[in-house]
2 protein chains.
Amino acid sequence: MTVSISGAGLVGSLLATMLAQRGYSVKMFERRPDMRSASISAGKSINLAMSNRGLRALQIAGLDKHIQSIAIPMYCRMMHDEQGNLREQPYGTAGQAINSVSRGELNKTLMSIAEQHGVTIEFEQRCVDIDVNSTTATFERTDSGERYNVKSDIIIGADGAFSAVRSRMQQHDRFAYSQSYLDHSYKELHIPPAADGGFRMAKNALHIWPRHSFMLIALPNLDGSFTCTLFLAHKGNPGFESLKTEADVQEFFERYFPDVLPLMPTLMEDFFTNPESSLVTVKCSPWTMNNVMLIGDAAHAVVPFYGQGMNCGFEDCRVLLDCLTETHDSWPEAMQLYMQYRKPDADAIADLAIENFVEMRDKVADVHFLRRKQLEAFLHQRYPDKFVPQYSLVTFHEDVPYSEAQRISRANAQLVDSLLEIQEVKMDWTSGRALQALDKAMSHVKPLSHSPISPAHR
Amino acid sequence: MTVSISGAGLVGSLLATMLAQRGYSVKMFERRPDMRSASISAGKSINLAMSNRGLRALQIAGLDKHIQSIAIPMYCRMMHDEQGNLREQPYGTAGQAINSVSRGELNKTLMSIAEQHGVTIEFEQRCVDIDVNSTTATFERTDSGERYNVKSDIIIGADGAFSAVRSRMQQHDRFAYSQSYLDHSYKELHIPPAADGGFRMAKNALHIWPRHSFMLIALPNLDGSFTCTLFLAHKGNPGFESLKTEADVQEFFERYFPDVLPLMPTLMEDFFTNPESSLVTVKCSPWTMNNVMLIGDAAHAVVPFYGQGMNCGFEDCRVLLDCLTETHDSWPEAMQLYMQYRKPDADAIADLAIENFVEMRDKVADVHFLRRKQLEAFLHQRYPDKFVPQYSLVTFHEDVPYSEAQRISRANAQLVDSLLEIQEVKMDWTSGRALQALDKAMSHVKPLSHSPISPAHR
């Protein structure tokens with residue numbers, strides 16, 4: 001059976017490998033030139049935070065070891081306040097980490113692995129039409145403008161947030177679609193390695209400068225540098241529109257990020273060269289029409305604040321594979337099942353990602369919020385089968401569907417509220433009397449349970 | 001100044017006339033052939049219910065008298081139950097009515113009036129591109145496929161729910177967009193005139209057969225016929241997908257609409273010839289980019305259950321004119337102002353229209369709901385400056401913005417709840433003691449007030 005995949009990004013490349021391993025004849029078509037030879041960016045610049053869901057999908061394809069060699073584990077958030085003081089917030093329990101990975105390096109590696117599995121990749125081919133009825137894709141060579149048709153058994157749109165495949169599906173009746181933008185945009189900045197090639201800040205952390213309505217983050221790269229991203233409102237003051245001159249930018253950084261200024265020798269160049277990019281959430285339905293389907297950002301683009309965009313796309317591949325197994329590779333049934341499992345989870349992570357933006361930029365600097373987080377971590381440690389914080393569910397529990405993580409964390413919030421009404425717990429939850437009260441209250445709580453993430457887990 | 005309008009539908013044709021009256025040089029471009037000479041449908045078949053908002057806009061252009069001659073006033077909803085019993089529900093107070101108008105006749109009339117005002121209309125021209133920066137539209141002749149550019153000072157997309165102008169704006173960054181479909185679709189059916197040319201049911205009413213999850217409606221035409229529309233789920237049973245054979249349709253109508261069957265001699269032919277059409281809500285933002293703007297369904301397509309789609313589009317024209325007056329015809333400012341006034345109102349009527357579907361098909365057959373409606377009508381009569389029901393606000397109060405109608409009707413609901421807690425009112429609100437209690441309670445309620453619908457009303 002032949003599968004055509006539009007888009008040789010992260011999700012398309014992983015899926016191509018998985019399907020080739022399963023015996024399908026897979027061809028990929030990519031609009032951009034081959035980034036392994038051309039000197040181009042990977043499209044989006046934010047470094048990726050690979051976590052359990054992404055790793056699990058790579059593991060299924062036998063690629064996890066391969067990828068871990070290009071990743072830097074980050075065990076905590078490192079918060080920078082306006083005086084330059086630091087405070088660590090562990091992401092999970094000991095040893096749990098998310099991984100900083102370069103989008104470009106990861107994509108190149110995944111493309112090469114796909115080719116090793118017999119997948120062919122045609123570059124500089126723009127998808128211009130999809131005939132859903134005959135499963136025919138029309139591509140245009142970006143150099144000559146020549147158009148040609150490709151007929152296959154299955155067409156998969158893995159072509160990102162602005163998917164061409166989806167835009168053709170959108171023209172069919174009853175295709176629900178929404179794109180919404182945050183008021184904030186982002187701009188990439190850069191912290192180079194130290195003179196000795198080392199890291200200028202703690203290496204194994206995701207650095208955050210939370211400033212309520214905006215924030216700066218930094219993720220480590222293998223060469224000792226950090227990729228930084230400034231998230232800031234497009235309009236208003238502070239806002240990108242009000243940062244017009246070098247003096248504006250200098251003043252803004254002196255005021256809000258004084259400890260970063262000496263680490264960014266190319267700040268002005270980066271600031272005025274790098275584009276301001278918008279933050280979009282895309283939802284649509286259905287993801288499948290006849291033998292055409294969407295996966296990854298093409299089906300559900302999310303904002304980057306939970307570090308789950310790529311992880312979710314990779315998880316799509318894992319679930320699709322499980323659905324193929326469940327249906328003995330009957331694609332019409334497998335695709336229906338895939339959408340039934342994934343659509344509620346994609347909707348959930350889209351909403352969680354927007355909520356996490358508020359948490360990252362604003363709440364992490366709030367003492368009440370921090371105290372609550374500490375109690376959550378304490379509960380997680382003492383009652384690991386009954387209490388798992390939302391961040392852990394999303395990031396480290398790859399068998400818990402996102403929609404269930406959302407449901408459980410709402411129940412958690414009510415539970416924490418009720419526990420904080422116990423006077424002893426409110427005073428000091430490590431005291432003997434508080435522990436007694438907690439143990440009693442928690443004895444009535446059911447152990448964590450959740451619906452399956454795919455048909456393989458029923 | 002030159003204005004190009006894409007789409008010669010109802011809103012485009014009215015706006016063209018208004019702008020020509022104001023001294024602009026206006027050209028319209030329409031994808032379809034001229035419906036005044038060709039034998040084609042007006043695109044959408046549901047008859048229109050013209051009410052105060054639409055009439056007010058026509059009045060401003062001096063066209064209301066013209067239109068009233070092709071309208072049939074409907075003073076009430078005529079409910080048909082499953083036994084064929086009838087029950088009248090007045091729409092408002094004595095003399096208040098909505099007006100049944102044929103979409104096709106209205107459109108033809110408005111196009112001819114626009115031409116009388118010097119507007120030119122080019123038919124069979126498909127809009128294929130818009131360059132927002134240079135205010136240039138590209139059209140394609142549908143017969144020859146030839147393309148050409150039209151540069152003007154202002155471009156207005158009045159090209160409906162599937163607007164080509166909007167689809168080009170959607171490609172710009174930060175354009176928020178959503179399209180969502182109801183699970184229900186609709187199909188047009190037909191009741192011909194009686195043998196003597198008269199009406200086979202009450203003429204001056206909007207007939208409704210509410211059946212909880214679905215409904216049939218009928219609006220009178222000038223020739224004695226009724227245009228009927230069946231609103232029914234696409235899937236499931238009952239649903240269009242389960243009505244496959246003539247026997248299915250016969251059984252369905254015998255069971256749910258027995259009184260209609262003898263009035264529809266062409267039921268089978270109509271049912272299997274007429275298309276099943278979907279029901280879409282479109283929201284987007286911004287409506288204006290540089291000198292390009294959207295109006296009517298192109299900016300905000302709504303479902304038809306409040307009978308406000310065309311009324312809202314005509315009101316857009318009225319408000320845009322007020323904004324031009326306010327800004328001394330400075331278009332950039334006028335367009336900004338127009339969107340500030342209209343966007344909340346368009347969002348409100350979109351939501352109200354979906355809510356009214358539930359009311360029409362389901363609640364109007366519920367005794368508690370009917371009792372509540374009766375109390376509302378009573379309050380409206382006794383305290384006309386303090387209590388106006390939602391339907392009246394939307395339909396008969398053309399100076400109350402839709403968003404205010406929504407706000408006021410929420411307050412109304414709370415007020416009615418609290419009045420129904422008074423024992424005497426609950427028992428019989430016309431009793432002397434109930435009236436005393438009502439008068440006392442209402443003495444604390446402020447007279448109706450609302451924000452202005454346009455800058456002309458501040």
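Predicted model: local features only at pLDDT ≥ 70, side-chain atom pairs only at ≥ 80, totals over all residues.
Modeller: Residues are numbered from 1 along each chain as its sequence is written, chains are lettered from A and ligands numbered from 1 in the order in which they are written, and side-chain values use heavy atoms, leaving out hydrogens and water.

Colleague: Why is this area called buried?

Modeller: Because buried area is the accessible area (1.4 Å probe) that two parts lose on being put together, summed over both. On chain A's side, A:Arg174, A:Gln179 and A:Tyr181 supply 47% of what chain A buries against chain B, more than any other three residues.

Colleague: How many residues of chain A are in contact with chain B?

Modeller: Contact means heavy atoms within 4.5 Å, and by that cut-off 16 residues of chain A touch 16 residues of chain B.

Colleague: How many salt bridges and how many polar contacts cross the interface?

Modeller: A salt bridge needs a side-chain nitrogen of Lys or Arg within 4 Å of a carboxyl oxygen of Asp or Glu, and the rule finds 0 of them between chain A and chain B. A polar contact is a pair of N or O atoms within 3.5 Å; within protein, one must be able to donate a hydrogen and the other to accept it, and residues adjacent in sequence count only if both atoms are side-chain atoms. By that rule 10 residue pairs, both residues at pLDDT 80 or more, are in polar contact between chain A and chain B.

Colleague: Which element gives the most to chain A's side?

Modeller: Strand E13 (residues 176-191) of chain A, with 9 residues. Helices (H or I, at least four residues) and strands (E, at least two) are DSSP runs, numbered from the N terminus.

Colleague: What makes E13(A) and strand E13 of chain B a pair?

Modeller: Two strands pair if DSSP finds at least two bridges between them. E13(A) and E13(B) have 3 bridges, in the antiparallel sense, and in one of them A:Tyr177 has B:Gln179 as its partner.

Colleague: How do you know how the two copies are related?

Modeller: The copies are superposed by least squares on the C-alpha atoms of residues with pLDDT of at least 70 in both. A rotation of 180 degrees with 0.1 Å of shift along its axis puts chain A on chain B, with RMSD 0.0 Å. The copies are therefore related as by a two-fold rotation axis. In chain A, the C-alpha nearest the axis belongs to A:Ser178, at 1.9 Å. The same surface serves both copies, as 100% of the contact residues of chain A recur in chain B.

Colleague: What makes the bond between A:Ser285 and A:Pro286 cis?

Modeller: Its omega is about 0 degrees. A:Pro286 lies in the loop between strand E17 (277-285) and strand E18 (288-289) of chain A.

Colleague: What makes A:Asp351 and A:Lys283 a salt bridge?

Modeller: Their closest N and O atoms are 3.0 Å apart, so the pair falls within the 4 Å cut-off. A:Asp351 is in helix H10 (residues 331-361) of chain A and A:Lys283 in strand E17 of chain A, so the pair ties together parts 68 residues apart in sequence.
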